[in-house]
Amino acid sequence: MKMDAYVSPNLTMTAYGLRTVGIKKFDSRDSEKFDGKDSFCSLFGIFNGHNGDEASFYAKANLKKHIIAQEEFWNDDDASITSAIKKGFVSCQDAMWHQSLQWPRPSSDSPSLSGTSASVVIFTRGKIFIGHVGDSKVVLGYQDPNSQHWIGQAMTTIHRPGDPKERAMIEAAGGKVSWKGGLANVVLRKPRPEDMGYETRSGLNQYEEVPFLPISRSLGDFWGYNFQRQVHMVSPTPDVTVVEINKNFRCIILGNHGLWKLVSPQNAVHVVATDLGRNGVPDWYVPYPSKRLVEHGVASLVSQYLHPENISAVTVVIEQP
């Protein structure tokens, strides 16, 4: 089928984030409309960094171009596009490696510790392609065909080192998994100061093994690269999900880990549906579902006396042609 034969839905994107540093709060917001008649490909993403912002900023600025630069992306079958997304993530990781040499590092001979979860949603060819690494989550909101009720469905799975499949992948790459505070973590081999080494049967051990990262896939995290086996212990290869757009789809929500600790997929979709369908509000009221989601999460924090979280949401409202 020719590219111009596809009819894409109109999309409205809002984004909102709240970040707490000490007692200060910083928020960010964005919104944009996309006309389905003019857009063959629309990509949305969320990037939740850890151990510094460098990896998340780089992925946000560069992942899309690495995906669409793959020749397979311009083929017309799901397998080719899926392959292009996976190769695009790995290509972005390779390019990020060189950039990371300029980032803060524990020492001059150590790699950067910065990494990021990355979840992208691509609307193209009448379908939705979702590529995902880490602990953010993508949720689809669709309307029950027999009612006005909206239903929330998680479209991604958090990559946990304790999951058998993920643990096997880490160990096959030469890594280890250890538990800290009840959570499985990928182990970081941290160099010891010279006077802190201790004797083992094989001699002086110059490394301390530290449970370090509670996710098994990410972009960045170059400390986890095994030079002997030439493989990342924390994999940059995403899971990819494909779903054909149908008339009942209403929204896609991309949220960071902070959001989904506080809001369930069903509650999130309910918040979006309520914000879009408000009655009896002033004419000047403009729906802002991403901001409402973050506010809902903050309210849960307050009511449960929980520690402050960085909470971010990207909401894509789907308007059928």
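Guide: Ala, Val, Leu, Ile, Met, Phe, Trp, Tyr, Cys and Pro count as nonpolar, Asp, Glu, Lys and Arg as charged, and the others, Gly among them, as polar. This is a predicted model, where local features need pLDDT of at least 70 and side-chain atom pairs pLDDT 80 or more, while totals for chains, interfaces and linings use all residues. Numbering runs from 1 along each chain, and side-chain values use heavy atoms, without hydrogens or water.

Visitor: Which element gives the most to the lining of the second largest pocket?

Guide: With five residues, the top contributor is E9.

Visitor: At what angle do H1 and H2 pack?

Guide: Helices here are DSSP runs (H or I, at least four residues), and strands are E runs of at least two. H1 covers residues 54–68, and its axis lies 9 Å from that of H2. The packing angle is about 135 degrees.

Visitor: How many charged residues are in the contact of H1 with H2?

Guide: Contact means heavy atoms within 4.5 Å. From H1 come Ala55, Tyr58, Ala59, Asn62, Leu63, His66 and Ile67, facing H2 residues that include Ile85, Phe89 and Met96. By class there are 11 nonpolar and five polar residues, and for charged ones the tally is no residues.

Visitor: And what about H5 and H6: at what angle do their axes cross?

Guide: H5 takes in residues 265–276 and H6 residues 289–304. Their axes come within 9 Å, crossing at roughly 130 degrees.

Visitor: How many nonpolar residues does the contact of H5 with H6 have?

Guide: Ala268, Val271, Val272, Asp275 and Leu276 of H5 meet Pro289, Arg292, Leu293 and His296 of H6. One residue is polar and two are charged, while the nonpolar count is six.

Note on methods. Axes are lines fitted to C-alpha atoms, for helices over the stretch in contact, and angles run from 0 to 180 degrees between N-to-C directions.
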